[in-house]
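Here is a short report for a reader new to this structure. Take a look at the sequence and the model before reading on.

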Amino acid sequence: MSPPATRYPLHRLSGQFQDPGQEAAYRRDIEPRVRLESSVALIVAALLFAMFAVSDYHFVGRSTELYLLYAMRLVVVFSCLALAFVLRRWGSYYRHAWLHALPLWILATAIILIVPLRPESLSTQVSGVVVATMGFYLLIPNLIPVVVAASLYMGLGFLGAAVMVAEIPAALAVRLLLVLVMTNAVGFFALLRLETLQRTQFSLLQEERVQNQQLTEEVAHRRSLEARLRSLAERDTLTGLDSRSHFMQRAGELLRRAQVDRTPFSLFMIDTDHFKTVNDTWGHSQGDRVLAAIAEACRRALRPQDVIGRFGGEEFIVALPDTRPEEARRVAERLRQRVAALSFDDDMPGHRLAVTIGIAGVVDEATDLDALIHQADQALYAGKHGGRNRVVVSQAMGSA
């Protein structure tokens with residue numbers, strides 16, 4: 001079953017991404033794994049190559065060839081161990097691909113040199129070349145072109161040395177050639193499939209990461225929109241105070257808590273005096289500025305635990321948890337004075353701002369928020385009819 005196609009096409013013979021940027025990203029991604037696998041493979045190869053020094057004495061005895069074989073094996077072993085250390089520390093698979101290829105050429109050259117130094121063991125060396133070829137393709141991580149070049153160099157070099165030094169017959173040389181060709185073909189297609197599958201998997205994982213990132217950004221964007229919508233629903237755009245619906249929700253929760261805990265709860269309504277005159281004389285834009293200024297003055301006059309909202313038009317509403325009528329009246333008086341201190345002489349000469357406030361409080365556990373608002377509204381209208389710019393307590397709580 002062939003791997004699924006991706007946005008980044010792969011080269012048919014090398015298995016690499018045709019896009020240089022994607023290939024570079026892939027090599028950087030697998031670099032830690034390649035460093036580890038290369039160093040481990042080289043250590044194993046060095047140990048195996050050193051282990052076969054025992055058979056050298058069996059084939060050549062104590063001779064010059066034995067010393068040459070031992071010297072060659074020492075050079076190869078130490079080279080492999082040194083390269084294993086270097087690759088583990090600094091073997092960048094993207095920038096230093098040649099460093100990963102170097103062990104293949106060292107091992108291939110060593111295997112070729114065994115033929116003239118130990119021609120008597122040619123039959124056993126053939127199996128060694130086959131194993132080494134498969135090891136080049138599958139055990140030591142490298143790019144396919146590098147592995148093919150090193151394997152062909154080892155195979156052709158071994159065959160040439162066998163023909164020239166061991167003087168094998170032509171028929172045997174042809175059979176050896178077929179074995180080496182088959183070994184390289186199997187190794188090539190196995191590595192090509194592996195490289196293709198790994199790069200396809202990397203490409204799919206990258207696409208998944210991109211999709212996850214896009215999904216994360218979309219979720220964050222939707223949450224931001226929800227927060228903005230919630231803010232629009234909860235806040236009055238002109239004054240920045242709670243909207244009427246949001247205030248009713250918060251004040252209702254505070255009232256229920258006060259009734260459960262049996263603590264006092266007060267509420268007052270605020271109306272801007274002669275606001276119609278401001279709109280009719282200086283325009284609605286000036287009226288908006290007045291409402292914003294009054295809202296800010298009210299907010300500064302209240303305590304942190306108090307909740308204020310815009311009830312509608314020029315009216316505001318305040319919930320005061322854990323507050324008795326006397327204390328609510330003091331807060332309302334402070335608020336009224338703050339508004340009276342506002343000055344718009346440059347924009348509205350001769351006009352002084354004032355508010356009338358009606359206060360209501362919980363009488364019993366059966367009192368609900370609508371009933372409190374109605375009480376405060378009645379006190380407010382009593383204050384309007386009584387001359388405005390004053391604080392009036394609902395008759396249910398006591399006379400003003």
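**The cores**

This is a predicted model. Its largest nonpolar core has 46 residues. Those with the most contacts inside this core are L42, M72, V76, L107, F136 and M154. Six helices each supply at least two residues of the core: α1 (20-51), α3 (64-90), α4 (97-117), α5 (122-138), α6 (144-166) and α7 (170-234). Another core, of 30 residues, lies apart from the largest one. Among its residues are F275, V290, V318 and L335. In soluble globular proteins, nonpolar side chains tend to be buried together.

Leaving aside its neighbours within four places in sequence, M154 is in contact with A108, I111, I112, V129, A132, T133 and F136.

Two packed helices are described by the angle between their axes and the distance between the axes. The table gives both for each pair.

| Helix pair | Angle between axes | Distance between axes |
|---|---|---|
| α1 and α3 | about 165° | 8 Å |
| α5 and α6 | about 170° | 9 Å |
| α4 and α5 | roughly 170° | within 10 Å |

Take α1 and α3 to begin with. Their axes pack at about 165°, so α1 is roughly antiparallel to α3. The crossing of α1 past α3 is left-handed. On the α1 side, the contact is made by R35, L36, S38, S39, L42, I43, A46, F49 and A50. On the α3 side, the residues include M72, V76, V77, C80, L81 and W90. By class, the residues of this contact are 15 nonpolar, two polar and four charged.

Next come α5 and α6. Their angle is about 170°, so α5 is roughly antiparallel to α6. From α5, the contact draws on L122, Q125, V126, V129, A132, T133, F136 and Y137. From α6, it draws on V147, V148, A150, S151, M154, F158, A162 and A166. This contact has 13 nonpolar residues, three polar and no charged.

Then there is α4 with α5. The two axes cross at roughly 170°, so α4 is roughly antiparallel to α5. L104, L107, A108, I111, I114 and V115 of α4 meet L122, Q125, V129, A132 and F136 of α5. The classes here are ten nonpolar, one polar and no charged.

**Single residues**

V179 is found in helix α7. Its relative accessibility is 35%, so V179 counts as partly exposed. V179 and G155 are 24 residues apart in sequence, and their C-alpha atoms are 9.7 Å apart in space.

S243 sits in the loop between α7 and α8 (244-261). Is S243 buried or exposed? S243 is buried, because its relative accessible area is 12%, and the cut-off for buried is under 20%. Beyond its neighbours within four places in sequence, S243 is in contact with A233, E234, R235, D236 and R310.

Most residues other than glycine have a negative phi. H274 has a positive phi, near 55°. H274 lies in the loop between β1 (265-272) and α9 (275-282). Its relative accessible area is 44%, so H274 is partly exposed.

D322 also has a positive phi, near 50°. D322 is placed in the loop between β3 (315-321) and α11 (325-340). D322 is exposed, with a relative accessible area of 51%.

Note on methods. Residues are numbered from 1 along each chain as its sequence is written. This is a predicted model: local features need pLDDT of at least 70, side-chain atom pairs count only at pLDDT 80 or more; totals for chains, interfaces and linings use all residues. Side-chain values use heavy atoms; hydrogens and water are left out. A nonpolar core is a set of buried Ala, Val, Leu, Ile, Met, Phe, Trp, Tyr and Cys residues joined through side-chain atoms within 4.5 Å. Buried means under 20% relative accessible area, exposed over 50%, partly exposed in between (1.4 Å probe, protein chains only). Helices (H or I, at least four residues) and strands (E, at least two) are DSSP runs, numbered from the N terminus. Contact means heavy atoms within 4.5 Å. Axes are lines fitted to C-alpha atoms, for helices over the stretch in contact, and angles run from 0 to 180 degrees between N-to-C directions. Angles under 35 degrees count as roughly parallel, over 145 as roughly antiparallel, 65 to 115 as roughly perpendicular and the rest as oblique. A crossing is left-handed if the near helix is turned anticlockwise from the far one by less than a right angle, and right-handed if clockwise. Ala, Val, Leu, Ile, Met, Phe, Trp, Tyr, Cys and Pro count as nonpolar, Asp, Glu, Lys and Arg as charged, and the others, Gly among them, as polar.
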